[in-house]
Amino acid sequence: MRARTRPSDQDPVVRPGGGTEGGQEINAAAQAHGSDDFEAFYLAQWQPMVRLAYLALGSRERAEDVVQDAFARVHLRWGAMVQPVAYLRAAVVNACRDDGRRLARYRHREPSLLEPEAVEDQPDELWDALSRLAPRQRAALVLRYYEGLQEPEIAEALGVRRGTVKSLLHRAIQQLREEIEP
Amino acid sequence: MSPNAPSASDAPENEPKVFDASGAMDTTVSISGIEGRLADSLGRRASDVDGTRAAPPVARVMDRSRQLGARRQALRGAVSVAAVLVVLALLLVPRTGDRPGGDVAGGSDATGTGGVAGVDGPRGDGAGRAAPNLALASSLQPFGSCDDFLGWVRTEAKKRVGPFGFTSRDSSGSGGGFVEDSFSSGRGGARSDREQSENQSRLSPLDQSQTRYATSPVDEASVSGTNTEEVGVDEPDIIKADPRRVITLLNGVLTTYSLDGVTPRLAGSVKLPTFDSSSMSPVRGGDPSAELSLLLAGDRAVVLSEAYVASGPPPGQADRSSGASSYYGRQVRTTILTGVDLTDLAAPKLTETVHITGSYVSARVVGGKARVVVSSDTATDLPFLYPSISGDKASEDAAVAANQRVIDNAGIERWVPTYRTGSALTTEVLAKPPTPLVDCANARHPTEFAGFGMVSVVSLDVAAGSVTPVDTVGVVATADKVYATPEHLYMSTTRVAAPEYDGTTPGTTVGTVLPGPSTPNPAESVRTAIHKFAVPVSGRPEYRASGELTGVLLNDFALSEHDGVLRAATTHASLYGTTMAESYVTTFREDGGALKQLGQVGGLGRNEQIQSVRFVGTVGYVVTFRQIDPLYTIDLADPVSPKVAGELKLLGYSAYLHPVGPGRLLGIGQDATAQGQTLGTKISLFDVADPATPKELSTTTVPMSSSIVEQDYRAFLWWGPTSLAMVPVRQAVGTDPLVGAIGFRIEADAPAAAEVGRVVNPIMGLWCPPGVGCVVPGGVTCAANGECPPPENPIGDPILRSVVVGDGVLTLSAGGLQASSLATLAPRAWVPNRPSI
């Protein structure tokens, strides 16, 4: 059994270019590839990624941590990045997923932990229902309905098969429907 | 989370229901448009985090990156060992009977050599090892009519449809059996082609071909194009030059320069349509203009690009045009062709725009005629229904039956890509039915099913200024790579064995958890079919023959035709794993409508990753890398029994190989330690006059640097008449870091590549819209009038391309063109691509 490599937990598979497979270290090249470029990329993508992470997690503080970590991973591979945005997005959602999974354990005991800084300007039943979804379902929904990605790209970002994406989305929508339209 | 318990309202007992996944067309249950509410809610909520805090300093990210790097180093040893064990285990797993559903013909080990563990050393295999039925399985059959087409596609589709549509264990249903690539590919197999094609080595011209025009102070023979794959076949790029002018395409702007002698003068520019409308969104969330490339013939140019584009009018809901929160549910990946009239160089004009549904794969130009390859994932848009209760047999059966009806009701327009003409996709334009791209009579399908997508070869008369697709031929498959000689076009299609629906849906049974992370197909089911077309000077490409082999083409340089023999370099291994198993070079000859395998040599770079391949005449060069770089020379003089002639082991690797004169090969890649850690750009000159004993003659190393040539062969330039090689390099450390290009003189029989000089393009301050102003990287604040002061640490702007014009070299960077002396590379003039503010 060989699971597809996901950026959140292992070296990414970056095929064209330097290639990171086979244990090749490209850190040197990454640094050489232009820190100016990276900084421009960072400045341009920081806010979109914080938005994405916030939607997937429901917390701004954690969103920023997750995004910073994802950028660090991108920086590590900067020299061989072919699609830094796609990679970054995948790193963000996967980190959100893992972060969410850790927090899910506390969900039943300490619900307040989930929204330490939520701005409750108005009741938002959909937003609340989102927070009760499995992290992976929530991530898939955000990629689909916020980022506007198609199923194959969601599959890429989450490191799952397309069929899994279909069923993740399907079940998530089903659950939302049940919760807010009884 | 636990599986959703079916609610009474959703699914009364014994009354299975189905509903539409998109909520657009509900059959039994009313849908409240929750998807729309969700998109609205997410878009609104996203602004919760806006505007309160700026990005923390980038230094913090870099610190974190260093921590991660250190941790990774510590883990590396252990990981390498594990990777080898995984591969051994995979190789030892029995091959047959482990996949449900139909498998492809010819067995799972079709080449007769692939995947054999523990074979010593490279070896040759003569003819006769190929399974002859493979060529037949992949050979392309014509459809007589649209009825034939529909009959065939419905039969294949109904075999494969399940309760969730074309969902399969391999995601190979709606994807047309394509191979899901990882981050290297924005789409499935097809997208990866172009990106991979930028990382290639392949037989390419010893001198550069370029369309030439009119009289000019510069002799037409003294203008180079950028690097292409094959002599006499032009390719799209971001710069095109002829004796009269230079055209560049950067940041979504097409810029024209007139050539006054050898120094270009800024003439005019035109901005390509941006993707800011609600009907379009960029393919990769990044800068859409990064995707643009340019073809030039006569006074006409065609700009090729890609975007997600609305496939029809908005579905009756409010326009969500506000940037990232747009809901692109009805947008499809689209190839966009934009015509540009360059008759008045000072005022280039956009003429006509054509939107073709499908991903842009590649394009080639011979004699002013362009052949553009587009890969369309046609079946994804079918309005499939889902079961109301996952895992419930009755509900799933009902969904399968409903989905079979969907297939029966899907007309020809669902299966054939279409196009629209018109620069603006207004609701009015979108409301009209699009034009089918391919006539049914010009479409073909492989004998053996290979997916539902369609690969189309579109012809354009660029020189006549037309971007309207004509003479289009289609193949029901998904594009992988494209390779063309002046007479032939080869298209490869890669597929994973697509199982038929066997009545069960994996992982969706009530009471089980959702499926875990994917387990990609074993490598041995990845097969590559190669289809050969004859391309006349004008008119429709004519299908000639097909062949098939196990494994994947390393990149699209991995195909090469020489003396009627097609050579293909493939890797036979998992696409997803951390280790490549083994690579092969296989020879084919067209014979009676089939590409028949002549011979094969394998055992190249076991457990190593292929870095580059190049075929030069009757010799093939393959570079693999794990910790050291074996450069294999492969003797193809007798195509029936190719053999490894020699091998040269070096530290580091060459990512790109270019023939630089008789018996000489230039390699551009990375130097590395004995542990495989890269150290910086290495430019090596090899003596390959005797294939049995390849030798490294000289190397130039630029510590802690990289070259764009590693990713994009078009950035390299070899100018035969003065034996000049130009290699862009970016260095980020040292007291005087080089961000520019190094020129080498490589005379025939010289013992070393001699450095001629270095070119540095100045950085232009970023331009910000007047009245707005902006902050650019490095903390420089631009004034409201758009003027930006020079950065504090001026180094060169990265050089993207080099071309030769007369006795000068032009180097292209984001800000414009630098003109330098061809003989010495001494700077002559800097020509910014916009007037000074």
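Which side chain does a polar contact of 2.6 Å join to that of B:T226? Keep that in mind while you load the structure. This is a predicted model.

**Stop 1: B:T226**

Select B:T226. You are in the loop between α5 (189–197) and β4 of chain B. The side chains of B:T226 and B:D237 are joined by the polar contact, at 2.6 Å. Is B:T226 buried or exposed? B:T226 counts as buried, because its relative accessibility is 6%, and the cut-off for buried is under 20%.

**Stop 2: the sheet β4 to β7 of chain B**

Follow the loop on into β4(B). Show β4, β5, β6 and β7 of chain B. These four strands make an open sheet, in the order β4-β5-β6-β7, with antiparallel pairing. The edges are β4 (239–242) and β7 (263–271), each of which pairs on one side only. From one strand to the next, the twist averages 15°.

Next, select residues 253–260 of chain B, which form strand β6. Eight bridges link β6(B) to β7(B), and the two run antiparallel.

**Stop 3: helix α6 of chain A**

Move to chain A and select residues 135–145, helix α6. The helix is mostly covered, with eleven of its eleven residues buried. Among them are A:R136, A:R138 and A:R144, along with A:A139, A:A140 and A:L143.

Now bring in helix α1 of chain B, residues 34–46. The axes of α6(A) and α1(B) lie 9 Å apart and pack at an angle of about 85°. The two helices are therefore roughly perpendicular to each other.

Which residues meet where α6(A) contacts α1(B)? From α6(A), show A:L141, A:V142 and A:Y145; from α1(B), show B:E35, B:L38, B:A39 and B:L42. This contact divides into six nonpolar residues, no polar and one charged.

**Stop 4**

Return to chain B and show β34, β35, β36 and β37. Here is an open sheet of four strands, ordered β34-β35-β36-β37 and paired antiparallel. Its edge strands are β34 (653–659) and β37 (695–703), each pairing on one side only. The twist averages 20° from one strand to the next.

Finish on β34(B) and strand β35 (residues 664–672), which run antiparallel and are joined by six bridges. Select B:H658, then its bridge partner in β35(B), B:L666.

Methods: Residues are numbered from 1 along each chain as its sequence is written. Chains are lettered from A and ligands numbered from 1 in the order in which they are written. This is a predicted model: local features need pLDDT of at least 70, side-chain atom pairs count only at pLDDT 80 or more; totals for chains, interfaces and linings use all residues. Side-chain values use heavy atoms; hydrogens and water are left out. Two strands pair if DSSP finds at least two bridges between them. Axes are lines fitted to C-alpha atoms, for helices over the stretch in contact, and angles run from 0 to 180 degrees between N-to-C directions. Buried means under 20% relative accessible area, exposed over 50%, partly exposed in between (1.4 Å probe, protein chains only). A polar contact is a pair of N or O atoms within 3.5 Å; within protein, one must be able to donate a hydrogen and the other to accept it, and residues adjacent in sequence count only if both atoms are side-chain atoms. Angles under 35 degrees count as roughly parallel, over 145 as roughly antiparallel, 65 to 115 as roughly perpendicular and the rest as oblique. Contact means heavy atoms within 4.5 Å. Ala, Val, Leu, Ile, Met, Phe, Trp, Tyr, Cys and Pro count as nonpolar, Asp, Glu, Lys and Arg as charged, and the others, Gly among them, as polar.
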